[in-house]
Amino acid sequence: AQPTPIRIAELISKEVAFQRIPDLREASAPQKVLPSVGSVMHELGTCKPCAWFWKPGSCQNKDNCSYCHLCPEGELKARKKAKVAMMRLGVITPKTAKENPETVLNLSSLL
């Protein structure tokens, strides 16, 4: 039996994220409950680690957090370090405001 295809949009929604979803590697594997909404993409390696989960007060957003709670402690720092190393080697280039306009703060609308 082949595993049922799962649409990414369904996985990202909160309703589906907290239901039991099949393991993408094996059809007969036990089903898992995810600790946070952001943990959906962990097995694919495209998740974003939560910066607060491993802190003493932990993540205040708990299961509603849009970042991954499955990543090990230190993963965020390791990814940042790897990204800086790749930029230094010229393998990747930093994103510019033209590539990602929604992250640019426009103060003219505040005047």
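Predicted model: local features only at pLDDT ≥ 70, side-chain atom pairs only at ≥ 80, totals over all residues.
Figure 1. A search of the whole structure finds one aromatic pair. Phe 53 and Trp 54 form the pair, with ring centres 5.3 Å apart and planes at 85 degrees, an edge-to-face arrangement. Rings of Phe, Tyr and Trp (its six-membered ring) pair if their centres lie within 6.5 Å; planes under 30 degrees apart are stacked, over 60 edge-to-face, and the rest tilted. Phe 53 is partly exposed at 26% relative accessibility. Trp 54 is also partly exposed, with a relative accessible area of 45%. Buried means under 20% relative accessible area, exposed over 50%, and partly exposed in between (1.4 Å probe, protein chains only).

**Figure 2. The surroundings of His 69.** His 69 sits in the loop between helix 2 (14–17) and helix 3. Helices (H or I, at least four residues) and strands (E, at least two) are DSSP runs, numbered from the N terminus. His 69 is buried, its relative accessible area being 8%. Leaving out residues up to four places away in sequence, His 69 touches Pro 35, Ser 36, Ser 39, Cys 50, Phe 53, Cys 59 and Lys 62. Contact means heavy atoms within 4.5 Å.

**Figure 3. The salt bridge between Arg 79 and Glu 75.** The closest N and O atoms of Arg 79 and Glu 75 are 2.9 Å apart. A salt bridge is a side-chain nitrogen of Lys or Arg within 4 Å of a carboxyl oxygen of Asp or Glu. By this rule the count is one. Arg 79 and Glu 75 are four residues apart in helix 3 (residues 75–89), so about one helical turn separates them. Arg 79 is partly exposed at 29% relative accessibility. Glu 75 is partly exposed at 23%.

**Figure 4. A nonpolar surface patch.** Met 86, Leu 89 and Val 91 make a patch of about 320 Å². Patches take residues with over 30% relative accessible area and no salt bridge; like charges are joined within 9 Å, nonpolar side chains (Val, Leu, Ile, Met, Phe, Trp, Tyr) within 5 Å. Areas come from the Shrake-Rupley method with a 1.4 Å probe; for residues, only the protein chains shown count as cover. Val 91 lies in the segment after helix 3. Val 91 is exposed, with a relative accessible area of 57%.

**Notes.** Residues are numbered from 1 along each chain as its sequence is written, and side-chain values use heavy atoms, without hydrogens and water. Local features need pLDDT of at least 70 and side-chain atom pairs count only at pLDDT 80 or more, while totals for chains, interfaces and linings use all residues.
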